[in-house]
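Have the sequence and the 3D view open side by side as you read.

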Amino acid sequence: MNERQGFKFIAIFLNMAWFASFVLIPGLMVVGISFMTRDTGTFFSPPLTLTQYRELLDPVYAKVLGTSLIYSLNTTLLCLCVSYPFAWILSQASKHRRPLLLMMVIIPFWTSSLIRTYALVILMKANGIINTLLLAPGIISEPVSLLYTDFAVYVGLVYSLLPFMILPLYAVMEKMDLRLLEAARDLGASEYQVFVHVVLPLSLPGVLAGCIMVFLPAMGLFYIPDLLGGAKTMLMGNFIKNQFLTAMNWPFGSAASVFLLMLMGLMIIIYFTFSRRFNRHQTL
Amino acid sequence: MTRWLKISWVSAVFTFLYGPLLVLMVFSFNQARYTTSWQGFSLKWYMRLLDNPQLLDAFFNSLTVALISSMVATALGTLGAFAVSRYRFAGRKLFFGLVYSVMMSPDIVMGISLLMLFVLAGLTPGFLTLLIAHVTFCLPFVIVLVHARISGFDPAVVDAARDLGARDHEVFFKIIVPMILPAVLAGWLLSFTLSLDDVIISFFVTGPGFEILPLKIYSMVKLGVTPEVNALCTVLFLLTLAAVSAAHVLTKEIKK
Amino acid sequence: MPVVRLQNVCKSFNNQPVINDLNLDIHKGEFLTLLGPSGCGKTTVLRLIAGLETCDSGTLFINGRDQTRMPACDRDVNTVFQSYALFPHMTVFDNIAFGLKLKKKPARQIRERVKETLTLVKLEGLETRSIHGLSGGQQQRVAIARAIVNQPLILLLDEPLSALDLKLRKQMRLDLRHLHRKLGITFVFVTHDQEEALTLSDRVVVMNHGTIQQTGTPKDIYETPVNLFVADFVGESNIFDARVTRTSGSDMEIHFQGIAKIVQNRRNFKSGQAVKMLLRPEDMTVARIQAQCPAGSLPGRVTEMIYKGTTVDLIIRLDSGQEVFVTEFFNEDDQDIFYDVNEPVCVSWIKGWEVTLADE
């Protein structure tokens with residue numbers, strides 16, 4: 001092995017070792033511990049068991065699971081409905097205006113979701129801006145409680161995750177060959193038909209990527225129900241957090257995490273199956 | 001779609017995205033304690049921040065972790081991306097598989113898995129554990145950015161440099177480093193903001209002895225809203241804004 | 001003494017042999033072209049000379065010295081890359097000055113040399129421009145300038161014109177020839193474009209599957225190809241299967257397409273031997289049929305006529321069923337070279353213009 005290869009070997013080895021130690025091994029630990037029994041002294045003990053998974057299906061916990069899934073699903077749909085037209089308008093904006101508009105989407109994408117959630121708290125408090133604005137002209141007669149409602153949780157989730165939907169959609173739409181739309185129109189398609197037969201199918205990879213990027217994190221953002229939903233709403237994130245920090249039940253918390261990992265695996269499989277099929281269509 | 005509808009849709013979305021932040025920032029300069037009405041411009045909440053040693057500590061801790069973890073992630077990730085792009089090896093697929101699964105995996109799962117690892121390894125949660133966790137979630141971003149840059153340029157430039165008389169170290173410092181520099185800087189800036197803003201993973205891997213800003217904000221907000229938090233959030237937001245804008249300019253340079 | 005000598009050179013990639021026991025001498029000051037289809041190993045030969053690849057076995061002499069193992073950075077050879085490989089983070093000046101700076105030449109001298117070279121490639125005054133703002137043709141010239149500013153012993157050009165459009169390509173051909181004459185250094189040029197090879201070179205090396213098929217002047221290569229590959233790859237050919245029926249002195253009688261004809265016997269063919277006979281489209285003549293074709297010419301019918309300005313191309317289906325391609329030049333005496341489709345014609349040629357090769 002010469003010097004250059006040695007350097008490459010070390011560089012790759014360091015990265016691989018890092019991922020193995022802090023991603024692969026902890027991940028396998030989560031899976032392993034999910035099959036163990038709770039133990040108050042050592043967190044978990046050996047007898048291998050499916051108890052945790054059976055318990056996860058118990059109506060009490062299955063309900064948490066189901067609720068969290070519904071929250072994620074609704075959040076994803078809301079984000080999609082808002083983002084799809086938005087991303088399309090953005091992608092069709094004039095060339096010199098696009099960078100600025102895109103930049104304005106990227107800034108919230110990278111900024112702390114906690115800070116943005118907190119900004120919503122201020123807006124929605126009983127003595128917050130929205131109430132003040134509604135009270136002053138007499139639209140409402142007494143402060144309505146926006147905070148600590150389902151509505152607030154949805155606003156919070158959509159607010160935090162919206163850029164994750166917009167960016168993949170925009171990325172696909174910007175690359176779309178506009179001559180295809182012209183060709184469709186030239187062949188006699190109405191605006192509606194152009195959308196259904198050309199724009200929508202071509203933007204599907206973006207829709208899929210956006211949905212995955214919203215759906216999965218929406219299950220874990222525990223501070224949003226904490227700050228906006230009071231303690232009433234429970235997402236998977238809150239549930240897992242409680243298992244690890246309050247109930248000290250590692251195996252049960254791990255089992256719930258494995259559920260999230262399986263969901264992630266499923267989404268990756270869906271994404272790759274669809275994008276492969278899509279690519280094949282494109283090369284035809 | 002009519003022009004009017006387009007404009008209002010875009011304005012509505014941007015208002016939704018920026019309105020709350022704007023209100024937050026405006027009220028951080030409000031004289032009054034409550035965020036209901038404007039009672040005049042004041043910097044008193046910022047002054048109060050400076051008088052709060054706990055907050056300053058947390059801020060300093062956050063900056064330290066963000067700086068060090070982003071630098072470690074950038075160094076490691078740049079080396080990795082460079083090696084991977086110039087060297088076909090059997091584990092290449094596994095490597096990128098790991099990179100993308102880290103980017104995809106839910107923060108909460110990463111948080112609890114690292115928590116368990118650190119507890120079992122006997123590490124006291126604090127600076128070191130936080131640092132490791134932050135490097136771990138920043139690393140993939142650096143790798144992807146730098147790798148994209150390297151695979152974007154013509155591999156023949158390295159041949160050209162050698163042909164013109166450059167030795168290995170000259171090729172590296174005169175050609176490769178300047179060419180990937182924008183991507184490296186962008187990766188570093190984005191790592192910095194990711195680290196500065198992270199809540200979920202940090203929540204699990206830090207201990208009471210080492211408080212960082214986002215978690216401090218979280219606990220303050222849970223206890224009740226105070227105007228200091230407005231000021232604090234404004235500071236943090238502006239910091240990320242600066243870093244993200246700089247990174248964005250650099251990634252645009254990459255695409256050129 | 002040749003400026004480059006490759007002796008029994010072999011090179012494989014992933015156990016796939018790319019260069020097979022290759023021997024080649026390149027003479028000082030000549031314009032040599034390596035011509036061949038893609039994958040024939042011509043670029044590998046170039047990279048071996050540049051030092052960007054090392055020979056698996058065999059020896060490479062540059063200027064009489066064994067430099068088989070010498071790294072690229074120490075060789076007195078520079079390359080113009082197919083993709084130009086300009087450094088995107090540098091200006092035109094910095095790109096061209098790169099090699100001189102590495103050799104630690106004084107700044108003043110570097111400035112002068114870069115300026116001279118830019119004039120030579122007709123890019124005066126572009127020193128401070130960034131690479132991104134240049135057109136394809138300008139980038140090409142910067143790539144050439146970056147190589148020749150180092151005054152190398154040999155300039156290697158790896159399909160440098162392939163990315164340019166036709167008009168620019170023709171202009172660059174002229175400029176390259178001019179540059180070669182002016183600099184007096186050895187040019188080794190790689191291309192798959194036979195027209196480029198024929199118009200530019202002093203000598204052409206035709207390659208296929210990692211071996212040299214023929215080496216010679218463009219005229220040799222075109223007029224007397226040594227095998228079917230060369231004949232087929234360089235220019236267009238009509239190829240006929242034929243059999244020698246009788247030999248006498250420097251002539252022989254062959255049978256093909258149902259006729260017999262006396263042709264020259266340059267390769268000592270024996271009676272009864274199967275041969276391939278090659279005819280270039282422009283070497284054949286077409287005549288309107290009178291009553292019957294004269295002896296030694298082939299009857300057929302015009303199936304296509306393509307007007308090309310200075311020539312007329314005819315596709316003729318012979319009575320045997322084989323199609324031949326004939327190019328007729330406009331001629332003051334004979335304005336009448338326009339034929340109707342399906343018109344019966346006779347095809348013939350002047351004895352000695354054919355090339356006969358053994359049937360491999």
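What share of the 256 residues in chain B is buried? Buried residues make up 49% of chain B, where buried calls for 20 or more other C-beta atoms, placed from the backbone, within 10 Å of a residue's own. This is a predicted model, in which local features need pLDDT of at least 70 and side-chain atom pairs count only at pLDDT 80 or more, while totals for chains, interfaces and linings use all residues. Residues are numbered from 1 along each chain as its sequence is written, and chains are lettered from A and ligands numbered from 1 in the order in which they are written.

Chain B has 11 helices and 0 strands, taken as DSSP runs numbered from the N terminus (helices are H or I, at least four residues; strands are E, at least two). Its C-alpha trace spans about 70 × 60 × 35 Å along the principal axes.

Next comes the meeting of chains A and B. Contact here means C-beta atoms, placed from the backbone, within 7 Å. Chain B brings 62 residues and chain A brings 63 residues. On the side of chain B that touches chain A, helix 1 of chain B gives the most, with 11 residues. That side divides by residue class as follows, with Ala, Val, Leu, Ile, Met, Phe, Trp, Tyr, Cys and Pro as nonpolar, Asp, Glu, Lys and Arg as charged, and the others, Gly among them, as polar.

| Class on the chain B side | Residues |
|---|---|
| nonpolar | 46 residues |
| polar | 10 residues |

Notes
Contact = placed C-beta atoms within 7 Å. Buried ≥ 20, exposed ≤ 12 C-beta atoms within 10 Å, placed from the backbone.
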